[in-house]
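Please look over the sequence and the structure before reading on.

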Amino acid sequence: MTGAERHTGYGGDDGLADGLDRLWTPHRMTYISGEDRPEGGYEKPAGCPFCLAPGLPAEESLVVARGEHVFAVLNLYPYNPGHLLVCPYRHVADYTELDEPETVELAAFTKAAMRVVRHVSSAHGFNLGMNQGGVAGAGIAAHLHQHVVPRWGGDANFMPVIGRTKVLPQLLADTRELLAKAWAAA
């Protein structure tokens, strides 16, 4: 069978192969459809995954490190491997609502996250940011969270640009274990 006969993907109505392999990521549909969203939404701590995560077992919660005022947790729908979120324990929506100790520890945890991810995976750079409010892109606007996204040269290939799919080479549980061990040793 030649590559042209191997129907890995179909072009138009003619049914001929377009030469593209398909990478199925059905776990993303849960996020896209919102089917894992609690009935009352994320506005109240009872339905907020960032409020619930610290009380779950480590493997289930994906929490990597805990501080007095904030914690670091893997993003359930990461942009890149090692994508961490630094969250205050307190359910606050806006950066201006953080008190001084929370602000200081959030900054320190962000720096530690960068050091740990750089040590574990040799990240070339990082995107850091907070989306304040739903209109600014926050998926869970009711609970502040700082994104720490590791980047590598060439990590943005055709998959997310053309295929609207991100390929992640490591399971979240494996990433959590690797980062948690490195964080404890740092």
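A polar contact is a pair of N or O atoms within 3.5 Å; within protein, one atom must be able to donate a hydrogen and the other to accept it. The model discussed here is predicted.

**His145**

A polar atom of the His145 side chain lies 2.8 Å from the backbone oxygen of His143. The UniProt annotation "active site", from an unreviewed entry, covers His145. The residue sits in the loop between strand E4 (125–129) and strand E5 (146–151). Is His145 buried or exposed? Its relative accessible area is 10%, so His145 counts as buried. Leaving aside residues up to four places away in sequence, His145 touches Phe50, Leu85, Val86, Cys87, Gly129, Met130 and Ile140.

**Helix H6**

Helix H6 runs over residues 172–185. Its 14 residues, at 1.5 Å a residue, should span 20 Å. Which residues of H6 are buried? They are Thr175, Arg176, Leu179, Ala180, Ala182 and Trp183. In an α-helix there are 3.6 residues a turn, so residues three or four places apart point the same way. The cover over the buried residues of H6 includes helices H3 (58–61) and H4 (100–121). It also includes strands E1 (63–66), E2 (70–74) and E3 (84–88).

**Aromatic pairs**

A pair of aromatic rings is described by the distance of the centres and the angle of the planes. The count here comes to two aromatic pairs.

| Pair | Centre to centre | Angle between planes | Class |
|---|---|---|---|
| Phe71 and Tyr89 | 5.1 Å | 35° | tilted |
| Phe109 and Trp183 | 5.2 Å | 45° | tilted |

The pair of Phe109 and Trp183 brings helix H6 back into the picture. Phe109 lies in helix H4 and Trp183 in helix H6, so this pair ties together parts that are 74 residues apart in sequence. Phe109 is buried, at a relative accessible area of 9%. Trp183 is buried too, at 13%.

Now the pair of Phe71 and Tyr89. Phe71 is in strand E2, and Tyr89 is in the loop between E3 and H4. The two are 18 residues apart, and the pair links distant parts of the chain. Phe71 has 0% relative accessibility and counts as buried. Tyr89, with a relative accessible area of 28%, is partly exposed.

Terms used. Residues are numbered from 1 along each chain as its sequence is written. This is a predicted model: local features need pLDDT of at least 70, side-chain atom pairs count only at pLDDT 80 or more; totals for chains, interfaces and linings use all residues. Side-chain values use heavy atoms; hydrogens and water are left out. UniProt positions are given in the numbering used here, feature names are shortened, and annotations may be inferred rather than shown by experiment. Helices (H or I, at least four residues) and strands (E, at least two) are DSSP runs, numbered from the N terminus. Buried means under 20% relative accessible area, exposed over 50%, partly exposed in between (1.4 Å probe, protein chains only). Contact means heavy atoms within 4.5 Å. The expected span of a helix is 1.5 Å times one less than its number of residues. Rings of Phe, Tyr and Trp (its six-membered ring) pair if their centres lie within 6.5 Å; planes under 30 degrees apart count as stacked, over 60 as edge-to-face and the rest as tilted.
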